[in-house]
Amino acid sequence: MKLTLLMYLIPSLIMFGCGIYGFLTRKNMIAMLISLELMLNAVDINFALFNRFLYSGNHEGMLFSLFAIAIAAAETAVAIAIIINVYRIAKNVDINQINKLKF
Amino acid sequence: MEIFSNILIYFVIVPLLTIGGLALTSNKGIKAIRAVAVAGASVLMVLAIWLVMIFLRERGAGNQADMILTGSWMWYEPLNVKLALGVDGVSVVMILLSAFIVFAGVFASWKMNPLPKQFFLWFFLLSTGVFGFFISIDLFTMFMFYEVALIPMYLLIGVWGSGNKNYSAMKLTLMLMGGSAFLMLGIIGIYFHSSADGQLTMNILEIAKNNAIPASWQMWLFPLTFIGFGVLGAMFPFHTWSPDGHASAPTAVSMLHAGVLMKLGGYGCFRIAIFLMPAAAQSIGWIFLLLTGISIVYGAFSACVQTDLKYINAYSSVSHCGMVLFAILMFNHTAMTGAVLQMLSHGLMTALFFALIGMIYGRTHTRDIREMGGMMHIMPYLGVGYVIAGLASLGLPGLSGFAAEMTIFFGSFQHPDMFHRVLTVAATCSIVITAVYILRVVAKLLFGVVQDEHHRSLTDATWEERLSTATLILAVVAIGCFPNFFIDIIRDSFNPIVDALQALKM
Amino acid sequence: MITNTVLVLVLPFVMFLFLGLAGVKMPRKTAGVLGVAGMLVTTVLAYWVAIDYFVNHPQHEQIIANVDWLNFTPRLVARMGVLIDPISAMMLVVISTVSLMVHLYSLGYMCDHHGHAEKGFQRYYSFLALFTFSMLGLVVATNIFQMFIFFEMVGLSSYLLIGFYYSLPAANHANKKAFIVTRLADLFFLLGIMILTFSTGTFDFDALVGLGNMDASQKAVGTMDGLNFMGIPAVGWALVFIFIGGAGKSAMYPLHIWLPDAMEGPTPVSALIHAATMVVAGVFLIARMFPLYVLVPMAMNVVAVVGAFTAFYAAAVACVQSDIKRALAFSTISQIAFMMTSLAVSADGGKLLGGHEAGLGYMASMFHLFTHAMFKALLFLCAGAIIHAVHSNENDQMHGLHKYMPITSIAFLIGCLAIAGIPPFAGFFSKDEILVACYERGLGWGLWMSMVAGMTAFYMFRIYYLIFFWKKHEVHTEHEPADQPWTMTLPLIILATISCVAGFVPFGKFVTYNGAPLETHINWTVAGTSVGIALVGIALATWLYFKENPKPERMKNAMSGLWTAAYRRFYMDELYQFITHKIIFQGICKPIAWFDRIFIDGFFNKLADLTGNASFAIRRVQGGNTQSYAFVYLLGALLLAAITGVVIVMI
């Protein structure tokens, strides 16, 4: 059985869907961050896939995946730092409770 | 710079300098704050008197120009917006009135607490707007100063007010802003029809000279501008901000607001609405005449049943300011002169009223006339002041109200049309109703027996309160005894308007 | 002469300012003495002006000096000035005399029993000076607008003086009532002036009415020709309105209701303002405008009917009052109505009546004004002395005072005889001429007024007997009542003397409508009848009230309905109360205030609420909830993708 593009795309789509679902429904900021990472990773997979299947002579897609992973790592670090600080102030990481800045 | 050689610009610069001076003081140094405020107000007063003298000298020397001391400096080239200054007799007396009230207002808020520095800061910003409005003859500058005068009102009432102050401040500001919206539309409309040859202008004199606004447009623009200013002039049914706003405002703000800011409405009505759009004024002016006629009687009747001193005075203002707009819409020299006299008179006596009410309220902590009585025993100075203000309000000869009202009535009755004359008779009836509510208050508040034993220990006016009220009383008496002095200044200023209206009738 | 007249005006005004501003700093008595001194000088000057005028100007022309005060239009100018003619010179004398008497009298009256001046003594004298100034200004007015101004000013001083005891609720109500009722009348006065000047274009009396002939008036009426409103000529409206203005000040029915209440003021004030001077302002006004009224019979008839009715009405009410000041007040109303009627009956159908005695009514009216001022002031000052002695206004607290206060009693008797029209006292001469003028107009008018004259004699002597006789006095206070100090007695003696001799002044020589002397002869038929009727009235009063007896009580019970109605002044006050409180206050003011709160205010509040609610409804869109943003974003992205897809497929 030859592995086709579609067979790779389906798990990536499921990953992305899970990410969206998690991002929209979870109230915990950490969980939301994880969902966000999930979506990012699904996108990374797609980058690598399309590069491999459509333009196998080039490596831009692969490179972009690596680049995105690096950015995601940095972004996660910042996000977790914010969340920890929020937790210190509010004793809470529920996204709906953190609205002090709104008013 | 050439602009600084015009005395008019100093009416804006002096309040701004005062604001700057106040910014340097600190809230703890109440003496310094007072000194700066008094200095600013006194300089304004001197400037205003000087301006009157300059005006009289110019007119005496045969300068018959519509506006004197004119000057114009380009501000924003693409739209042809200029800082155009100029005064005629009406603006001169209005500036004099404003200076008097600012002066008295500073002394009336001598013990302002808390945040005296910020209070005076906003107070002088308000004055900047008022003076700027009266010295400008450019639509854009006028509108800008108008807005400058409105905004501080929100903070002054919202922060330093009493009672239901948030509601009142919001209501007042929103309603006046609603009026400004109409006004803005009107001004834009006027601007785009200001000239037939494509050189658009904001200068009132030029617009009037071009006389290029098509009659069909005037029918739209006249109501827009008239209502826009009418809201500020407390025209029925847009008067409802006035009772609540005045009731909550601190003393000096009520004084300045009823005394001067409401006059912006009447001034704007004739300077912009009628002057620039005489055709529409001729044909649909009667609708507004009816509304102002209602204002006069309606305000007076409403005042009869109020129990809060400030509400009584606010409704009485509705009635008296209605008289201003009413007379302006009569389109003849005498009535319009009467309207300006009434603006002066109402400005001074209402300021006096609000000052006295503020002083009484500061002592008794109530404004309900049912809870007070026999104040004449306890605070004779304030009592006598109140009686004088009341007598001026009900039009007693020798005080300002009489000269103004008589000029209005006799002028309006000269109108050749029967409809106008019948309305005048109806408006005249207000002098009796005014007597009813004024005497009712005087009897309840000042005469009779002391209602509350705690009031017996209250004190009479302090020196700064005496100074504040005496200034206003003197001005009221001066207008009442020598009306011709003011009439001579005012009267000729209406020549352009009346001529334009006459030309239409031909 | 002009300078002197101006001084006569300025002096009281300066006194007003001086005592009003500096009075509190000086001892009370000093202020009073200063006030009297100032008034004395004013009086001397006023007499000088009057004598100068009558001696040096035998033609009785008008002397006028003006300054412009308020230029309504270049043509219509309100001026301030002085006009001296027979009636204003006469009024100068009357006002200054009575005012001086009252100033002097008040030195004693406004003190307690130890002779200490009351609180507010300075204020009192300052207000008296203000009143004197205003009243003098009124009579020398050169134009109708100046007249209006001083009408307001006397109204103000009356207000201030009625409310002198401002902490008493009754005084507080009375002064409010007086001001508002006269203000209502002044509104009509103002409307009348507005109509009159609309076409004539002038306020000045010399242009409106002139003096000596009807030319000016004819011209003035001519300019208003053809102007009608609701079928009545404009000039008729104007003159009736102006009469209403005068009727308000002169307390003509139905605007009389303020005068009895005005008796809450100090008694000398009642004597000066509400008996002798201010209340005749209306008569003076009609007299000033007399030629115009002559030319408009409709207006003249209104004056005559109102005058004749008021005379009767007030006399009827005066017959049963128990408060002596109220009774005197109604007597005043009745006597002023005599003057009004007298003016009005001297012309009919646009022409003066009476052949060679044309204008007799005018002269008689002014004569009665003069004599009445003297004897009514006397009566009021006597009443003041009595009230000061017994501390009550009610006649059942008095009785039998003749023994204790002989001088007051005799002075009061002279006043009564004068007002009843018994020769040779002053009232006889003036009232006789009024009656002659009435008979000239018609028998009915004459009989009606004669009847009222009889009633006058009756009620005056009723009061007199009830105060000074009836029964022995019961001493209620710690002091026995007695004649008062000289400051109070001297004015009584002076005024009583004037009341005795004033009738012999050849008034017709001085004061006539056209300045030409008028020879008057006593018409003995009329005089005999009226004296006869007066004597009947006095006899009836003597029979009923001289000594204590049950007859009055029986009469009262026999006609209890009528008696109560008259005692309650035929329910006029209740009617006014109903109109002002129930109709105007409850029926107009309250609903308007309610409408303002509910509808006007409600509308704008609803507008604000509506905006608020709309914002509230859509605020979830900007809720700040990250996840809902993301969800909407997702939906939008999907929607866009779907649209793109559909578009691609379509192509």
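How far apart do the closest C-alpha atoms of chain A and chain B lie? In this predicted model, the closest C-alpha atoms of these two chains are 18 Å apart, and no contact joins chain A and chain B. Two residues are taken to be in contact if their C-beta atoms, placed from the backbone, lie within 7 Å. Residues are numbered from 1 along each chain as its sequence is written, while chains are lettered from A and ligands numbered from 1 in the order in which they are written. As the model is predicted, local features need pLDDT of at least 70 and side-chain atom pairs count only at pLDDT 80 or more, whereas totals for chains, interfaces and linings use all residues.

Two pairs of chains touch, and the pair with the most contacts is that of chains B and C. On this interface, 38 residues of chain B are in contact with 37 residues of chain C. Elements giving two or more residues to the chain B side include helix 6 (165-192), helix 11 (278-304), helix 13 (333-364) and helix 20 (483-491). Helices (H or I, at least four residues) and strands (E, at least two) are DSSP runs, numbered from the N terminus. The residues of chain B that touch chain C comprise 27 nonpolar, 11 polar and no charged. In this division Ala, Val, Leu, Ile, Met, Phe, Trp, Tyr, Cys and Pro count as nonpolar, Asp, Glu, Lys and Arg as charged, and the others, Gly among them, as polar.

Chain B contains 21 helices and two strands. Its C-alpha trace spans about 75 × 55 × 45 Å along the principal axes. Of the 506 residues, 63% count as buried. A residue is buried if 20 or more other C-beta atoms lie within 10 Å of its own, exposed if 12 or fewer, and partly exposed in between, with C-beta atoms placed from the backbone. Among contacts in chain B with a separation of 6 or more, 79% are between residues 24 or more positions apart.

Strand 1 (residues 68-76) and strand 2 of chain B pair in the antiparallel sense over six bridges, where pairing requires that DSSP finds at least two bridges between the strands. Strand 2 (residues 81-87) is largely enclosed by the rest of the structure, because six of its seven residues are buried.

Most residues other than glycine have a negative phi, and most peptide bonds are trans. A cis peptide bond joins B:Phe236 and B:Pro237, with omega about 0°; B:Pro237 is in the loop between helix 8 (215-232) and helix 9 (241-248) of chain B. In chain C, the peptide bond from C:Tyr253 to C:Pro254 is also cis, with omega near 0°. C:Pro254 lies in the loop between helix 9 (234-249) and helix 10 (258-261) of chain C. C:Ala251 is found in the loop between helix 9 and helix 10 of chain C and has a positive phi near 55°. C:Ala251 counts as buried because it has 30 C-beta neighbours inside 10 Å. B:His365, with a positive phi near 60°, is in the loop between helix 13 and helix 14 (375-378) of chain B. B:His365 has 10 C-beta neighbours inside 10 Å and therefore counts as exposed.
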